[in-house]
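Opening the notebook on a new chain today. I want to go through its overall build, then its charged pairs, then its aromatic rings.

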Amino acid sequence: MKKLLSIFFAGTVFAMGVSAAPVKAADDPSPAIYAEAMKGKRVMLVPMAMGFDLAQGWAAILKREVDAFGGVFETRDPNWSVEAGAQAITEAISSDTKPDVLIVMSPDLNSYSKLMKKAQAAGIYVILVDNPANFKADAYVGGDWTQLGRLEAEAVIKGCGPNSSKKIGLVQGDQVNATSLYQYAGIMQVLEKNPDFKVVAKPDSNWDATTSRNVTATMLQQNPDICGIIDFWDGDAVGAAAAIREAKLQDKVFLVTTGGGEKTADCDKIADGTYGAVVMTELAQETHNMVAIIKYLLQSGQAPGTASPFIYTLMKATTKENLRPDSCWDLKALQAEAEQK
């Protein structure tokens, strides 16, 4: 007699007709199969650096989850050095205890591509997080940076308003990082539809707060009537904010940036007026997306490099008007929770 087999996945129940004898719950082989597939598997995170909120937030959740399924979680800290990151990946590939899954935050489109292909050839799944690259990863988990740029442009146009000078400045990251290039493309798409708004300056900060401060100060000296600035990362937007304060233009220049939604880095600065808007990603959901794809890959049996899904993280522009108590996550609280587990 045909029975219904219910399969639970991500909160959804799928029923399939199968011919089978009744199965007792105690006979369910799934937990044993899962445990066997996951036990002892090694997961390594190689961000651009470990000393900032995104990497620390990812690591806290990943460690908790990997420990829970009986795996081993490790991090490597390139500390913003492309060479150190390349060395970390190289050593991981050649190690006797090489990872089963390598999670990489690529510094640009090309630097690690050959190494990541080599990792896949060695049987390691490679997941790109946050920063796209010219490489067919086993998954990309992170933001759609072109859409993020669109959201930033829409926010600065709204913040400037129709009666402003309609002059906008950009503090870009650099000319090789995908997040900077794609952000710029998204901003330009929106401005093309709003031709009254003009970009009057677009220097690079090289992701450095001091450089951002200096180029913003120059921008404001040359364009004292500028109505809005988009700085491409909250890590260096603190420099742009300092330059705006020093010029006594806090009430005249609407500063927009992007970040991972950590409380002190983003929400506190929206609340105190440092930032007019922050386009934020949901870090916890992003990390759980990583965990889900890790669990899938380790049980799939597929060879590394055979699939390349994109798992984009939800983004929104947060301002004082829509700021809520749960708009941000707290790094200290997250780390304390992870330590208790």
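**Charged pairs, rings and the chain as a whole**

I started with Glu 246, which comes out partly exposed, with a relative accessible area of 46%. A reminder to myself before going on: this is a predicted model.

I looked up where the two sit: Arg 213 is in helix H7 (residues 209–222) and Glu 246 is in helix H8 (residues 234–246), so the bridge ties together parts that are 33 residues apart in sequence. Arg 213 is also partly exposed, at 37% relative accessible area.

**The whole chain**

Next I stepped back for the overall numbers. The protein chain has 341 residues, and 49% of them count as buried. I get 11 helices and 14 strands for its secondary structure. The C-alpha trace spans about 75 × 45 × 40 Å along its principal axes.

I also checked how far apart in sequence the contacts reach. Taking contacts between residues at least 6 apart in sequence, 73% join residues at least 24 apart. For the surface, the chain exposes about 16,500 Å², with carbon and sulfur atoms supplying 53% of it.

Charges came next. There are 33 positive and 40 negative ones, and their mean positions are 4 Å apart.

How many salt bridges does the structure hold? I have nine down in the notebook.

One of them joins Arg 42 to Glu 74, with the closest N and O atoms 3.3 Å apart. This pair links distant parts of the chain: Arg 42 belongs to strand S3 (residues 42–46) and Glu 74 to strand S4 (residues 72–75), 32 residues apart.

Is Glu 74 buried or exposed? I worked it through: buried means under 20% relative accessible area, and Glu 74 has 16%, so Glu 74 counts as buried. I also noted that Arg 42, Glu 74 and Arg 76 are linked in a network of salt bridges.

Another bridge is between the side chains of Arg 324 and Asp 326, at 2.8 Å from N to O. I compared the two against the cut-off for exposed, which is over 50%. Asp 326 has a relative accessible area of 53%, so Asp 326 is exposed. Arg 324 has 42% and is partly exposed.

**Aromatic rings**

Then I turned to the rings. The structure holds seven aromatic pairs. Among them is Tyr 140 with Phe 310, a tilted pair at 6.1 Å centre to centre and 50 degrees between the planes.

I looked up the accessibility of both partners. Tyr 140 is buried, at 4% relative accessibility, whereas Phe 310 is exposed, with a relative accessible area of 55%.

I wrote down one aromatic cluster too, formed by Phe 52, Trp 80, Trp 207 and Trp 233.

Where does Lys 114 lie? I found Lys 114 in helix H4 (residues 113–121). At 74% relative accessibility, Lys 114 counts as exposed. I also checked its distance to Phe 135: the two C-alpha atoms are separated by 8.3 Å, for residues 21 apart along the chain.

How values were computed
Residues are numbered from 1 along each chain as its sequence is written. This is a predicted model: local features need pLDDT of at least 70, side-chain atom pairs count only at pLDDT 80 or more; totals for chains, interfaces and linings use all residues. Side-chain values use heavy atoms; hydrogens and water are left out. A salt bridge is a side-chain nitrogen of Lys or Arg within 4 Å of a carboxyl oxygen of Asp or Glu. Helices (H or I, at least four residues) and strands (E, at least two) are DSSP runs, numbered from the N terminus. Buried means under 20% relative accessible area, exposed over 50%, partly exposed in between (1.4 Å probe, protein chains only). Rings of Phe, Tyr and Trp (its six-membered ring) pair if their centres lie within 6.5 Å; planes under 30 degrees apart count as stacked, over 60 as edge-to-face and the rest as tilted. Contact means heavy atoms within 4.5 Å. Accessible areas come from the Shrake-Rupley method with a 1.4 Å probe; for residues, only the protein chains shown count as cover. Lys and Arg count as positive and Asp and Glu as negative; His and the chain ends are not counted. The place of a charge is taken as NZ of Lys, CZ of Arg, CG of Asp or CD of Glu.
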